[in-house]
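Me: I am new to this one. Could you take me through it step by step?

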Amino acid sequence: MSTLNPYQPPTTRLREALSAEVGGDCWRDGKELVVRPGCTLPGRCIKCNEPATEPMQHARFYWHHPALYLVALVNLLIYLVIALFVRRRTPVTLGLCERHRARQRMSIVASVAGSLAGLGLVAFGITREAPGASVAGVVLLLASVACGIVGSRVLVVTRIGENYTRFKGCSAEFLATLPAFYRTR
Ligand SMILES: [Zn+2]
């Protein structure tokens, strides 16, 4: 007689059920935040654990396998098209306090101002036939865009899996208030 039980749930499902049982849809795992897609984080600032300003932010995060960046080295356009189709998406509602929200807004304003100044320098360089100014303008433009992206994003995706998404960027104080993630190995 076979001892196989056809009604036994797959072990991965069982582990997920156990993990969900631990509580809610967000957990801490070391320095990382683990969530289910669509989760609403507790109403505290993810950067300092102070009460979050209402309304909380609805953010969307995207991720694809890092190996895909190799395609970008060969052809940027093909990379962009593939990335658009294979990227995974996770919506998360997150909280920031007034101080950290202001910091996020400032980096966006500074980025836009820097980009406009860069474009102005490029135009100045072209009309006055001063290539040095144009090169400086392009550098300022790229630096402003990069600083804007880094300064305005409050969470960084480390991986979007089938069921869970992992982020870096939460403060230790905020993470300490979340239940520990039940490790699925
Ligand atoms: Zn804060």
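**The zinc site**

Reply: The zinc ion is held by C45 (SG), C48 (SG), C97 (SG) and H100 (ND1), at 2.0 to 2.3 Å. Donors here are N, O and S atoms within 2.8 Å of the metal (3.2 Å for Na, K and Ca), and water is not among the atoms, so sites may look incomplete. This is a predicted model, in which local features need pLDDT of at least 70 and side-chain atom pairs count only at pLDDT 80 or more, while totals for chains, interfaces and linings use all residues. Residues are numbered from 1 along each chain as its sequence is written, and side-chain values use heavy atoms, with hydrogens and water left out.

Me: What geometry does the site of the zinc ion have?

Reply: The site is tetrahedral, with angles of 102 to 117° among the four donor atoms. Four donors count as tetrahedral if all angles lie between 85 and 135 degrees. For four tetrahedral donors the ideal angle is 109.5 degrees.

Me: How are the donor residues spaced in sequence?

Reply: The spacing is C-x2-C-x48-C-x2-H.

Me: Is C45 buried or exposed, and what about C48?

Reply: C45 is buried, at a relative accessible area of 0%. C48 also counts as buried, at 17% relative accessibility. Buried means under 20% relative accessible area, exposed over 50%, and partly exposed in between (1.4 Å probe, protein chains only).

Me: Now helix α4. Which residues does it cover, and how far does it reach?

Reply: Helix α4 spans residues 98-127, which is 30 residues, and reaches 43 Å from its first C-alpha to its last, close to the 44 Å expected at 1.5 Å a residue. The expected span is 1.5 Å times one less than the number of residues. Helices (H or I, at least four residues) and strands (E, at least two) are DSSP runs, numbered from the N terminus.

Me: Which residues of α4 are buried, and what do they pack against?

Reply: The buried residues of α4 include H100, R101, Q104, S107 and S111. The buried residues of this helix pack against β3 (57-63) and α5 (131-152). Contact means heavy atoms within 4.5 Å.

Me: What follows α4?

Reply: E129 follows α4, and its phi is positive, near 50°.

Me: Changing topic: how many salt bridges are there?

Reply: A search of the whole structure finds four. A salt bridge is a side-chain nitrogen of Lys or Arg within 4 Å of a carboxyl oxygen of Asp or Glu. In one of them, the side chains of R166 and D29 meet at 2.8 Å, N to O. R166 lies in strand β6 (residues 165-168) and D29 in strand β1 (residues 26-29), so this pair ties together parts that are 137 residues apart in sequence.

Me: What else is R166 paired with?

Reply: E32 forms a salt bridge with R166, the closest N and O atoms being 2.8 Å apart. E32 lies in strand β2 (residues 32-35), so this pair ties together parts that are 134 residues apart in sequence.

Me: Which residue does E162 pair with?

Reply: E162 pairs with R88 in a salt bridge, with the closest N and O atoms 3.3 Å apart. E162 lies in the loop between β5 and β6 and R88 in strand β4 (residues 88-94), so they tie together parts that are 74 residues apart in sequence. E162 counts as exposed, at 68% relative accessibility, whereas R88 is partly exposed, at 32%.

Notes. Tetrahedral: all angles 85-135°; square planar, octahedral: opposite > 155°, others 65-115°.
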